[in-house]
Amino acid sequence: MSARQQTVQLAEVILDTQAEGPGRRAALWLQGCPLHCEGCCNPEMLSFSGGRRRQVRELVHEICAVHGLEGISLLGGEPTAQASACAALAGGVKSRGLSVMLFSGYTRAGLETRAQTEPALAQLLAHTDLLVDGPYVAALTQERERWIGSSNQVLHVLSDRYQRDDPRFAAPNELEIRMEAGALCINGWPRAAASLGVKDRARGSR
């Protein structure tokens, strides 16, 4: 399939959020995950048969039309399960000056090993500036470190776009609540969503 025909299966899109990575970002939750971590905050995104299929080319255009975005965040679900589409999406926005943050339930070491024989995954990692890796482990749930759901997960800086001592990385977690189709929706901090009793749209790493 050519880059112009590439499609991706998405569960959710928020085109402008400040709760899913540094700065203002478009957040895209991928539909489907083979890991099925116990306590996953997005169980409705585990099946590969749900969500909505979108053309990558159209998504890049839609995202880049939002003025002032710093980058995109790929969450899930499991973005690397659609590595080819995510690589095309990441490459498209990076060519227009945006950064890429990737949340994966696989470890960085595991991804890099797979990338040696999976060209699409290698391409996706090459486009990634920030990686949050590792499966969500409910027994290790933590709320101190930003964008990290359980203490086994790590935020990796993969390019010179960011520095590990960026003060935004140490800022408190943020919570966003919006009204959509008559329902309250939340993203940015799943445990807070549960305590508030509202619909949770949260990062797949949590």
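Author: Welcome! Helices (H or I, at least four residues) and strands (E, at least two) are DSSP runs, numbered from the N terminus. You are looking at a predicted model, where local features need pLDDT of at least 70 and side-chain atom pairs count only at pLDDT 80 or more, while totals for chains, interfaces and linings use all residues. Residues are numbered from 1 along each chain as its sequence is written, and side-chain values use heavy atoms, with hydrogens and water left out.

Gly-77 is joined to Gly-76 by a cis peptide bond, with omega at about 15°.

Now follow the chain into H2. This helix has twelve residues and spans 16 Å from its first C-alpha to its last, close to the 16 Å expected; the expected span is 1.5 Å times one less than the number of residues. H2 is mostly covered, with nine of its twelve residues buried. Here, buried means under 20% relative accessible area, exposed means over 50%, and partly exposed is in between (1.4 Å probe, protein chains only). Among the buried residues of H2 are Ala-83, Cys-86, Leu-89, Gly-92 and Val-93. What covers them includes strand E1 (7-17), E2, helix H1 (56-64), E4, strand E5 (99-103) and helix H4 (119-127), where contact means heavy atoms within 4.5 Å.

Arg-168 lies in the loop between E7 and strand E8 (176-180) and Glu-70 in the loop between H1 and E4, so the pair ties together parts that are 98 residues apart in sequence. Glu-70 is buried at 18% relative accessible area, while Arg-168 is partly exposed at 28%. Asp-166 joins these two residues in a network of salt bridges. The term salt bridge stands for a side-chain nitrogen of Lys or Arg within 4 Å of a carboxyl oxygen of Asp or Glu, and by this rule the count comes to eight.

Two other salt bridges are worth a visit. Asp-16 pairs with Arg-24 at 2.6 Å, N to O; Asp-16 is partly exposed at 34% relative accessibility, and Arg-24 is partly exposed at 28%. Arg-108 pairs with Glu-112, their closest N and O atoms being 2.9 Å apart. Those two are four residues apart in helix H3 (residues 108-115), so about one helical turn separates them. Arg-108 is partly exposed at 30%, as is Glu-112 at 38%.

Back to the backbone for a moment. His-36, in the loop between strand E2 (25-30) and strand E3 (52-55), has a positive phi of about 55° although it is not a glycine. Trp-147 also has a positive phi, near 70°, and is likewise a residue other than glycine. Its place is in the loop between strand E6 (130-133) and strand E7 (154-157), and at 1% relative accessibility it counts as buried.

The loop between E6 and E7 also holds Gln-153, which is buried at 2% relative accessibility. The Gln-153 side chain reaches the backbone oxygen of Gly-134 at 3.0 Å.

Definitions and conventions:
Polar contact = N/O pair within 3.5 Å; in protein donor to acceptor, adjacent residues only side chain to side chain.
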